[in-house]
Structure formats: C-alpha cells, structure tokens
Amino acid sequence: MITGAGNGVGREIALGFSAKGYIVFGTAMSAEEACDLRDASGGRVSLTVCDVTKTDAVRAWAGGVSDALGDTGLDVLINNAAHVTRGAIEVLSLDAIRHEFDVNVFGAVNVINTFLPALRKAHGRIVQISTWSASVPLPFNGPSDASQAALDVLSAVYRAELKPFGIDVVVASVGTLESPDASQAAAALQRVADSMTSDQRKLYGKRFRAFADGMSNLQASGLDTSEAAARIIEVAEQRPLPIRAMIGRDAEEILRTVRGKSDEELEDFRLKLVGLN
C-alpha cells in the first residue's frame with residue numbers, strides 16, 4: 001500500500017512492486033492518475049482518489065482495501081504522500097503551514113493508524129519516506145523540513161510501540177530528486193517570489209532568489225526517480241529491516257558529513273548547500 005502513488009517516485013515504487021508480483025493499492029490525486037497506473041501495471045495497481053487528511057475518507061478507502069486483503073493482511077505500507085511549502089516563515093500564512101502538517105504529519109498518522117489491524121495480521125512493515133533536510137533544515141524550506149522532522153520522531157516512537165506486534169518501521173531518508181521538468185520547478189519557486197509584497201521582497205527577495213538558484217542546482221544533479229524507487233523497494237524487502245536507510249548518494253554524503261558537527265558548523269554547512277553563506 002503506497003500513498004501518493006499517482007505520480008513521481010510514488011508511481012515508480014508502485015510499478016516496481018507490481019513488476020515483482022505484488023498486488024498494490026494506493027492513493028492518487030486524480031482519477032486520470034489512477035487509470036493510467038492501472039493500465040501501466042496490467043491491473044496490478046489499484047489506486048483510489050483519497051485525501052489522506054480526511055479521517056472518514058481514509059477509513060472508507062482502507063475498508064475497501066481490507067476487504068480485498070481478507071485474512072492475509074498487509075505486507076508493506078509506504079507513506080509517501082507529501083506536500084512542500086516554501087518561503088520565509090514570516091511571509092507564509094498560518095493556514096499554509098497548517099496544511100503542510102495536515103498532509104505530511106497528521107495524514108501519515110491517519111493512514112498508519114487506520115491500517116495497523118491489517119499490518120498486524122501479516123506482521124508487516126512500514127516505510128516512512130522522509131528527506132535528508134529533516135536533519136539539515138534549510139532556510140525558506142521550514143514547514144516542509146519541520147514536518148518531516150516530526151515524522152522522523154513519530155516513526156521512532158511507532159517502531160518501539162509496534163515492535164511487540166512484529167511490525168517493523170524504517171525511515172527512508174531520500175536525497176534530492178531530479179526534477180522531471182526544471183522549468184516547472186523554477187516556475188513554482190518564482191510564484192513564491194511573486195506572491196511577496198514589496199515590503200516582504202525588500203526583506204527576503206534577494207536571499208530567496210539565491211535559495212531558489214541553489215535548489216535548482218541541487219535538483220539538476222538529483223537522483224533519478226526510478227533509481228530512488230528501486231532503492232526504496234530494496235529497503236522495504238530487506239531483512240532485517242534497518243532503522244534508517246539513505247536513498248541516494250547526496251543523502252548519504254550530507255548526513256554522514258553533519259554527524260559530529262557543532263551547531264555553528266552545521267549552520268554554516270546548510271547555508272552553503274543553497275548558496276546563502
């Protein structure tokens with residue numbers, strides 16, 4: 001079961017599992033995504049348009065999946081659905097920040113708790129997709145990094161609480177993914193800059209442009225989504241399941257580099273990553 005399976009790395013994970021003979025369920029953002037993946041997988045992937053932040057919607061979807069599973073239970077749950085909100089915290093509305101946590105944190109908890117009975121039946125495993133920036137938070141990426149850091153903590157607690165039931169939990173820290181459309185990614189960052197008032201632009205405009213350029217550079221050399229998906233599938237099947245897995249060379253290098261750094265060194269390092277030193 002994979003949330004956010006209609007596009008990006010979630011789609012590649014779903015296709016990768018179906019190619020290995022798994023029957024895959026998941027969520028999509030639209031009926032078109034669901035139909036496309038059903039056809040691409042030869043019917044082995046069944047996606048439902050579902051808002052993971054809505055408890056009733058998740059319960060209804062999970063009920064249908066559980067009926068299909070019967071007594072076999074759920075082998076693997078991959079929490080991949082995520083939202084990214086960029087901008088200076090002072091500039092962002094509280095509603096925008098709340099939405100980030102609604103999707104990334106409360107949505108993930110909603111899905112996990114709803115599927116725990118099916119996971120217990122199979123002594124299944126949970127793969128929580130995270131990012132290296134949960135450990136190295138970047139300026140202008142605060143809500144996203146903070147929500148991912150919260151998920152890392154919750155995953156550690158889930159791991160301890162679910163161990164007696166034979167359910168394992170791994171955090172997959174994914175590196176920067178290659179943008180399939182560089183112009184689209186740049187346009188998204190430009191929309192954030194354009195949404196600033198003239199006063200906000202005076203305060204943050206120059207540094208946000210530097211951040212946007214830095215992110216574009218990271219994405220230009222990012223990990224291909226199919227490679228990331230293959231590594232995540234490998235981790236999900238690993239026995240014993242690791243506590244944390246690095247997905248991509250940059251995730252490995254960055255997280256290895258920051259170990260043992262002082263707070264001052266870490267601050268300088270993360271500013272340099274996005275050209276703000």
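**Exercise 1.** Determine which residue of β6 is the bridge partner of V174, and describe how β5 and β6 are joined.

*Solution.* In this predicted model, local features need pLDDT of at least 70, side-chain atom pairs count only at pLDDT 80 or more, and totals for chains, interfaces and linings use all residues. Residues are numbered from 1 along each chain as its sequence is written, and side-chain values use heavy atoms, with hydrogens and water left out.

Step 1. V174 has I247 as its bridge partner in β6.

Step 2. Strand β5 (residues 168–174) runs parallel to β6 and is joined to β6 by 4 bridges; two strands pair if DSSP finds at least two bridges between them. Strands (E, at least two residues) and helices (H or I, at least four) are DSSP runs numbered from the N terminus.

Step 3. The open sheet has 4 strands, ordered β3-β4-β5-β6, with parallel pairing. β3 (76–79) and β6 (244–247) are at the edges with a single partner strand each, so one side of each lacks a neighbour in the sheet.

**Exercise 2.** Characterise the aromatic pair formed by F140 and F211.

*Solution.* Step 1. Rings of Phe, Tyr and Trp (its six-membered ring) pair if their centres lie within 6.5 Å; planes under 30 degrees apart count as stacked, over 60 as edge-to-face and the rest as tilted.

Step 2. The centres of F140 and F211 are 5.6 Å apart and the planes stand at 45°, so this pair is tilted.

Step 3. F140 lies in the loop between β4 (125–131) and α5 (142–162), whereas F211 belongs to helix α7 (residues 198–220), 71 residues apart.

Step 4. F140 and F211 are both buried (under 20% relative accessible area, 1.4 Å probe, protein chains only; exposed is over 50%, partly exposed in between).
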